[in-house]
Amino acid sequence: MTAHLIYAAAGLALVVLGAWSFLVHAPLLRKLVALNVMGAGVFHLLISVGYRGLDAPPDPVPHALVLTGIVVAVSATALAVAFGQRLEGSAGEQDRD
């Protein structure tokens, strides 16, 4: 087995692990971490798709997509954490009434 196939298998394992964790756990923060694990798996898969062999340079398009995806994933995670905190804060205010 070559290195890029092992990398792709690891990416697939991360996607499956993240999907399982997303479906099993109820807390919002755990679901958010599961989505990030799934995203990391997709990034692994995209990087392994960009491999062309030892003689040719890697395809730059999947690598650019991964870099853009990392920026979007960090921004979306920060937004989801802020929304989660606001949601828990508003739920706590309703419990006091």
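H63 counts as partly exposed, because its relative accessibility is 26%, a value between the 20% below which a residue is buried and the 50% above which a residue is exposed. In this predicted model, H63 has its place in helix α3. Along the chain, H63 stands 51 residues from L12, and the C-alpha atoms of H63 and L12 are separated by 17 Å.

A80 lies in helix α3 and, with a relative accessibility of 27%, counts as partly exposed. A80 and N36 are 44 residues apart in sequence, while their C-alpha atoms are 11 Å apart in space.

V74 is also found in helix α3. The relative accessible area of V74 is 54%, and V74 is therefore exposed, since the term applies to residues over 50%. From V74 to G50 the separation is 24 residues in sequence and 22 Å in space, taken from C-alpha to C-alpha.

F83 likewise belongs to helix α3. Because its relative accessibility is 55%, F83 counts as exposed. F83 and H25 are 58 residues apart along the chain, and 19 Å separates their C-alpha atoms.

The discussion now turns to helix α1. This helix comprises residues 3-24, and L17 is found in it. L17 has a relative accessibility of 46% and so counts as partly exposed. Together with W20, L23 and V24, L17 makes a nonpolar surface patch of about 460 Å². L17 can take part in such a patch because the residues that form one need over 30% relative accessible area, and L17 stands at 46%.

Contacts between side chains form the next topic. The count of salt bridges comes to one. In this salt bridge the side chains of D59 and R52 meet, with a distance of 3.3 Å from N to O. The pair qualifies because the limit for a salt bridge is 4 Å. D59 itself counts as partly exposed, because its relative accessibility is 24%.

Aromatic residues call for a separate remark. The count of aromatic pairs comes to zero. A charged residue does, however, accompany one ring: K31 lies over the face of F22, at 4.4 Å from the ring centre. This arrangement counts as a charge over a ring because, among the conditions, the distance to the ring centre has to be within 6 Å.

Finally, the confidence of the prediction deserves attention. The protein averages a pLDDT of 89, and 93% of the residues score at least 70. Where pLDDT is low, predicted coordinates should not be read in detail.

Technical notes. Residues numbered from 1 in each chain as written. Predicted model: local features only at pLDDT ≥ 70, side-chain atom pairs only at ≥ 80, totals over all residues. Heavy atoms only, no water. Patch = residues over 30% accessible without salt bridge, like charges linked within 9 Å, V, L, I, M, F, W, Y side chains within 5 Å. Areas by Shrake-Rupley, 256 points an atom, 1.4 Å probe, with all protein chains shown as cover. Helix = DSSP H or I, 4+ residues; strand = E, 2+ residues; numbered from the N terminus. Buried < 20%, exposed > 50% of the residue type's maximum accessible area, 1.4 Å probe, protein only. Phe/Tyr/Trp six-rings, centres within 6.5 Å; stacked < 30°, edge-to-face > 60°. Lys NZ or Arg CZ within 6 Å of the ring centre and 35° of its normal. pLDDT = per-residue confidence, 0-100.
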